[in-house]
2 protein chains.
Amino acid sequence: MYTPAQLQEIIENAIQNIQYPSHPDRLYQPISYIMSLGGKRIRPALVLMAADLFGADLEKAIPAALAIETFHNFTLIHDDIMDNAPLRRGKQSVHEKWGVNNAILSGDVMMVESNKHLSMLDTAVLKDALNTFNATAQGVCEGQQLDMEFEEREFVSIEEYINMIRLKTAVLLGGAMKLGAQVAGASPADAEQLYQFGENIGIAFQLQDDILDVYGDPEKFGKQVGGDIIANKKTLLLLKLKELAGDSDLVELEKQSLNQDFDDKISNTTLLYNKYNIRELASVEMKAYSEKAFNALSALAVPEERKKELILLSNQLMNREH
Amino acid sequence: MYTPAQLQEIIENAIQNIQYPSHPDRLYQPISYIMSLGGKRIRPALVLMAADLFGADLEKAIPAALAIETFHNFTLIHDDIMDNAPLRRGKQSVHEKWGVNNAILSGDVMMVESNKHLSMLDTAVLKDALNTFNATAQGVCEGQQLDMEFEEREFVSIEEYINMIRLKTAVLLGGAMKLGAQVAGASPADAEQLYQFGENIGIAFQLQDDILDVYGDPEKFGKQVGGDIIANKKTLLLLKLKELAGDSDLVELEKQSLNQDFDDKISNTTLLYNKYNIRELASVEMKAYSEKAFNALSALAVPEERKKELILLSNQLMNREH
């Protein structure tokens, strides 16, 4: 069994060994750039961990891991255009650095690069892997579309919100695990079990992120605490509050949404969350998904011993404050 | 053997039978929209014609034809954003109708749709088909990048220009033919021969288009005659003229590039082309590529009788004035 740290090293090496064409350089530079900005490489690590669960030769799973990581970074380039985001991992986003047209096109060719990685897989597993990868990619696009639409909409239900984060974030974790299992020759039932683990843990991660945005330790949380509040982002917490708050508190919430003094906005909105016990309610929801995830993992027909690293990694991620 | 008209009917039916998901509707509507704008369906027809050359069951080649046509239409959506084009086939372009963000994302999911079509191919031919498709898609992106860069550049050589149109346009015709051959189980040598045919005929088509922009019959040419001249587009004709023109004519050409009276600009620029015999020089170049294409087709180890429809279609396209 490999530890997450070992897997990450394997992934970093594999990424550094990718040879993109040198010409046209403005097309390929953004790809090397975004791939080298780092990140925790969770998704390719999940591909390899899933393959490792079944004792596969990890070399054979690397193309799938690279396909997933390349696809993920491609979505970051295009999402940053759509979200008008000037920064990515603290550096200039691709469209800021190379312009929007270049960022669209480099993203497009990056999608081709992911497909090229995938096509390196063994013929025996190729068709299943393609089906998983394509369904995953399609879900991620649907999630981004819903995310954009929800920004414009007045009312979004909690069910709709969870479906959106499922598509935008969780499907890719589920897809990564299923892909790893398929490459390792796991049975369809086991691959599906791992998909369920990944998808549900992904929803739990995102809900955890919603909670940490308000209640995270500013010293440890990677992003600005209160960032979602400032942006009036429709998170689980905001949607729950809107469901539960009385009329006068809804008026206060509406007032706060326009508050330009951001510190004041954060503290007043947090008071409302506290009044309605939103942190605990959100935690209950979050834990329901992480439990579903771990149940799927328990049901997996693999010796418990082999699940150790995956459980460790998931717990670390669930208990993170950053 | 199927005639081009029969193949086009097969393709139209297959396109109409594609079921895109209904939700989120704003993500999928642009796909149905652009796929229904029509066009000559040359690329998927070439896939099927190539397969038909080897007597394949065309049903088996349809996923490849749909992958190629879907990919082509995806590039139209993204190209129209980059080129700021308000119209496509006389109708609103996707980003005009749905906005840029939506057009980026619908394009992205359309690329996934092409990959889904491709993944329906028989396992026996899947890996080769993926390799051809991915190399083709990559080339098309490179061509679009070069096309954008050439607009900004002062000097572009004829060699660079032909490499750009090869990538942007011709590679997809070559890829379509190679894919059809591979799906039909043709030998690698035959598939490569057909690739050469498609790529070279594609370059010839584009050079023909450059010539028709200036010398086409306004009644028959689908686009505005002189459109390239108005846009100061670096076509084969303009690049040849720049190579050959004397200093005073270069000054005149520079003056015309700024001329806002477009009729005057077209007629004066055409006079310069006539003076240096550019039409004939461009035709020589164009014919060299179409000869290369037909030589590749002659070398193909398939009874001449079976090549008839492909030769007919190519000649029609080469002698078109629209």
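This is a short talk on a two-chain protein model, its interface and a few residues inside it.

Good morning. A word of caution before we start: the model is predicted. Let's begin with how the two chains meet.

Take the symmetry. Turn chain B by 180°, with a shift of 0.0 Å along the axis, and chain B lies on chain A with an RMSD of 0.0 Å. The two copies are thus related as by a two-fold rotation axis. Now, which surface does each copy use? Of the interface residues of chain B, 100% are also interface residues in chain A, so the copies meet through the same surface.

Next, the interface itself. Chain A gives 40 residues to the contact, and chain B gives 40 residues as well. In general, the size of an interface is often given as the accessible area lost when the parts come together. Here, about 3,500 Å² is buried between chain B and chain A. Carbon and sulfur atoms give 64% of that area. Three residues deserve a name: B:L105, B:K127 and B:Q138.

What about charges and polar groups? Between chain B and chain A, the count of salt bridges is zero. Polar contacts are another story. There are 17 residue pairs in polar contact across this interface, with both residues at pLDDT 80 or more.

Which elements build the side of chain B that touches chain A? Four of them give two or more residues: α2 (25–35), α4 (58–82), α6 (100–119) and α7 (123–152) of chain B. The largest share comes from α7(B), with 15 residues. Sort that side by class and you get 20 nonpolar, 12 polar and eight charged residues.

Now go inside the chains. Look at A:Q144, in helix α7 of chain A. Is A:Q144 buried or exposed? A:Q144 has a relative accessible area of 2%. The cut-off for buried is under 20%, so A:Q144 counts as buried. Its side chain makes a polar contact of 2.8 Å with the side chain of A:K168. Leave aside neighbours within four places in sequence, and A:Q144 touches A:D79, A:M82, A:D83, A:K168 and B:L105. Note that last one.

Last topic: the backbone. Most residues other than glycine have a negative phi, and most peptide bonds are trans. Let me show you some exceptions.

Start with the peptide bonds. The bond from A:H23 to A:P24 is cis, with omega near 0°. A:P24 sits in the loop between α1 (4–16) and α2 of chain A. In chain B, the bond joining B:H23 and B:P24 is cis too, with omega about -5°. B:P24 is in the loop between α1 and α2 of chain B.

Then phi. A:R89 is not a glycine, yet its phi is positive, near 50°. Find A:R89 in the loop between β1 (87–88) and β2 (91–92) of chain A. With a relative accessible area of 37%, A:R89 is partly exposed. B:R41 also has a positive phi, about 55°, and is not a glycine. B:R41 lies in the loop between α2 and α3 (42–53) of chain B. B:R41 is buried, at a relative accessible area of 4%.

That's my tour. Thank you.

How values were computed
Residues numbered from 1 in each chain as written. Chains lettered and ligands numbered in written order. Predicted model: local features only at pLDDT ≥ 70, side-chain atom pairs only at ≥ 80, totals over all residues. Heavy atoms only, no water. Contact = heavy atoms within 4.5 Å. Buried area = accessible area lost by both parts, 1.4 Å probe. Salt bridge = Lys/Arg side-chain N within 4 Å of Asp/Glu carboxyl O. Polar contact = N/O pair within 3.5 Å; in protein donor to acceptor, adjacent residues only side chain to side chain. Helix = DSSP H or I, 4+ residues; strand = E, 2+ residues; numbered from the N terminus. Nonpolar A, V, L, I, M, F, W, Y, C, P; charged D, E, K, R; others polar. Least-squares fit on C-alpha atoms with pLDDT ≥ 70 in both. Buried < 20%, exposed > 50% of the residue type's maximum accessible area, 1.4 Å probe, protein only.
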